[in-house]
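Please look through the model shown here before reading on. The report starts with a single residue and then turns to the whole protein.

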Amino acid sequence: MRVVLVAAVAALLAVQPAMAEPRSSILGVSQAGSPLLLYELGNGPRRVLILGGQHGAPEANTVELVNGLLDYFLANPQEVPPGIVLDVLPVANPDGMAAGIRQFSSGVDPNRNWGGSDWRADAFDSNAVFRVGLGGPEPFSEPETRTLADWILGTRPALVVNYHSAGGFMFGARGGLASDLSGAYADASGYSWPSPGVGGQRSPLGYQASGSMNVWLREQGIPAILVELSTSRSTEIERNLAGLNAALSQLANAP
Ligand SMILES: [Zn+2]
């Protein structure tokens, strides 16, 4: 029996394509001491940052999705277009994942602490509840936010894709390359891409988000897509892989 099992495993390994080993680095350390682990694959001058888990365990399906995307590109490295490096951060808020909360250990919201022009100390959470101190005592008060912001400013990614749940829509700036990348993602994935303020459209959030990573990135001139998965349960990996591949090929062909 055991011999049969060993033979079966050996046969399975023989037909599995060899998985590429990702390069990895530790960007920094969370407040509770967990590493912020970044994986890197592909080669070239254009970097694409893909992150999940900003809102901890309540949005754990985004971690599962980003890990799934990482596994996919490791098994299919030829799918990363030439000239592009994928920088993959599956768990942007490891403390929130471990503690079962949306926030950092300090109670500050990872997506309300960014120092764009709309930052506020008191802010609405993802459930539209207004909470004192949710944005932190000052912009970039949290080590995780500072670590990621420093990395972004040093690296200047060509695109950032940030996964959240649940809403079933996506955000992305209008105009220029950012618009082309968001449009490609929206078309291929089927997520709605509302344009608040245009044609009387209202923000699908239903509240005013402040201090978000997306607004800060826009003000830095870095194209960014924020996807709100439809539920907080499944990864929706097929449609997100389609969206990501479309955006990557758009980026690879951009002048
Ligand atoms: Zn979220």
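If neighbours within four places in sequence are left aside, R47 is in contact with V85, D87, T155, P157 and A158, where contact means that the C-beta atoms, placed from the backbone, lie within 7 Å. This is a predicted model, in which local features need pLDDT of at least 70 and side-chain atom pairs count only at pLDDT 80 or more, while totals for chains, interfaces and linings use all residues. Residues are numbered from 1 along each chain as its sequence is written.

R47 lies in strand 3 (residues 46-51), a strand being a DSSP run of E with at least two residues, and a helix a run of H or I with at least four, each numbered from the N terminus. R47 counts as partly exposed because it has 18 C-beta neighbours inside 10 Å; a residue is buried with 20 or more other C-beta atoms within 10 Å of its own, exposed with 12 or fewer, and partly exposed in between. From R47 to F140 the separation is 93 residues in sequence and 23 Å in space, C-alpha to C-alpha.

For the protein as a whole, some values are listed below.

| Property | Value |
|---|---|
| Helices and strands | seven helices and nine strands |
| Box filled by the C-alpha atoms, along the principal axes | roughly 65 × 40 × 35 Å |
| Buried residues | 41% of the 255 residues |

Among contacts between residues at least 6 apart in sequence, 73% join residues at least 24 apart.

Key:
Two residues are in contact if their C-beta atoms, placed from the backbone, lie within 7 Å.
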